[in-house]
Amino acid sequence: MSVGLVLEGGGTRGAYTSGVLDVIMEEKLEFPVVYGVSAGACNAVSYLTGQIGRNYEIFYNYIRDERYLSVTSLYQTGSIFGFDFIFGELFHKLVPLDYEKFFSSPVRLRVGATDLATGQAVFYDKEEMDDMLVPIRASSSMPFLAPIVSFKGRELLDGGCSMSIPLEQSMVDGNRRNVVVLTRDPTYRKSARSDFPRSVLRVKYGDYPNFVQAMADRGINYNSEVELCRVEERLGNAVLVRPSKPLVVSRYEKDPERLKAIYEMGRADCAAKLPEIRAILALDAAESGEAARA
């Protein structure tokens with residue numbers, strides 16, 4: 001039994017999560033397992049390496065770079081986010097990820113992507129990755145705005161299409177307690193109507209009817225995931241770190257100052273939750289010690 005660290009996605013709203021994780025690293029709070037989808041998975045890699053401020057440096061200094069996020073990238077590569085640049089030059093040279101620490105970290109990383117054939121979430125561990133981090137790329141590849149990613153016999157897209165908040169997966173894996181980092185404020189709920197009409201989905205993804213259904217059900221499923229978070233919080237099994245007010249940015253925000261503001265909000269919201277986070281970690285450690293002595 002462990003305490004899971006669960007990270008929601010949300011495109012550039014992930015700057016909020018960057019702030020939360022920097023505080024967690026500064027406070028030397030340790031989680032044995034991290035679950036991430038989309039931007040949550042991208043943020044998680046710097047947590048495993050202990051590189052405080054790395055994700056901030058990336059979004060603040062490169063968000064306006066057309067190689068990172070642009071319509072130009074969409075036309076040239078088929079993806080609005082320039083993943084060849086991000087997981088290539090950016091991660092290897094410009095703002096290097098410490099790959100040695102990443103792969104040797106004792107922290108387990110579970111990254112969720114959506115299997116187009118089943119419409120269900122599938123999770124990959126870092127031991128299944130190489131330095132191009134393909135499952136994380138798949139997890140971040142949004143429908144219509146990125147190509148399908150092939151990996152280990154599966155066709156994959158954005159993990160948020162099937163499981164935006166991977167708390168359920170953490171619970172299935174046996175983690176009774178969790179700290180969940182969300183990128184929406186407490187009032188937010190998705191519309192039950194899909195962002196994309198089913199007719200449009202069928203034109204693009206007609207070979208994957210289960211994925212079309214998953215997209216149609218996305219709003220309902222997301223709201224159920226939010227409710228699960230609230231239930232676990234009421235039971236004392238989860239600490240929710242979430243924006244204290246609505247984030248006034250889109251999934252594709254290009255203004256570094258706006259992203260800096262939500263990064264600072266993430267830091268402040270996490271700081272306010274530190275007593276609860278420490279308490280849930282201490283409770284789990286105490287119960288694990290009792291079990292070991294029994």
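How are α1 and α2 oriented to each other? The two helices are roughly parallel to each other (an angle under 35 degrees; over 145 would be roughly antiparallel, 65 to 115 roughly perpendicular and the rest oblique). The model is predicted: local features need pLDDT of at least 70, side-chain atom pairs count only at pLDDT 80 or more, and totals for chains, interfaces and linings use all residues. Residues are numbered from 1 along each chain as its sequence is written, and side-chain values use heavy atoms, with hydrogens and water left out. Helices (H or I, at least four residues) and strands (E, at least two) are DSSP runs, numbered from the N terminus.

**Helices α1 and α2**

- The axes of α1 (residues 14-26) and α2 (residues 39-49) come within 10 Å and cross at roughly 25°; axes are lines fitted to C-alpha atoms, for helices over the stretch in contact, and angles run from 0 to 180 degrees between N-to-C directions.
- From α1, the residues G14, T17, S18, L21, I24 and M25 are in contact (heavy atoms within 4.5 Å) with A39, N43, A44, S46 and Y47 of α2.
- By class, this contact has 6 nonpolar, 5 polar and no charged residues; Ala, Val, Leu, Ile, Met, Phe, Trp, Tyr, Cys and Pro count as nonpolar, Asp, Glu, Lys and Arg as charged, and the others, Gly among them, as polar.
- Because 10 of the 11 residues of α2 are buried, α2 is largely enclosed by the rest of the structure; buried means under 20% relative accessible area, exposed over 50% and partly exposed in between (1.4 Å probe, protein chains only).
- Those buried residues of α2 are A39, G40, A41, N43, A44, V45, S46, Y47, L48 and T49.
- After α2 comes G50, with a positive phi near 70°.

**Helix α5**

- Helix α5 (residues 83-94) has 12 residues, yet its end C-alpha atoms are only 14 Å apart, short of the 16 Å that a straight helix would reach at 1.5 Å a residue; the expected span is 1.5 Å times one less than the number of residues.
- F83, F85, I86, F87, G88, L90 and F91 of α5 are buried, and their cover includes α2, α3 (54-62), α6 (99-104) and α7 (134-139).

- Most residues other than glycine have a negative phi.
- L133, in the loop between β4 (120-125) and α7, has a positive phi near 55°.
- With 0% relative accessibility, L133 counts as buried.
- Beyond four places away in sequence, L133 touches V45, F87, F91, L97, F102 and F103.
- L133 and C42 are 91 residues apart along the chain, and their C-alpha atoms are separated by 9.5 Å.
- F144 lies in the loop between α7 and β5 (149-151) and also has a positive phi, about 70°.
- At 25% relative accessibility, F144 counts as partly exposed.

**Loop residue I165**

- I165 sits in the loop between β6 (154-157) and α8 (167-172) and is buried, with a relative accessible area of 2%.
- Its C-alpha atom is 6.8 Å from that of L7, although I165 and L7 are 158 residues apart in sequence.
- Leaving out residues up to four places away in sequence, I165 touches V6, E8, V180, L182, Y222, E225, V226 and C229.
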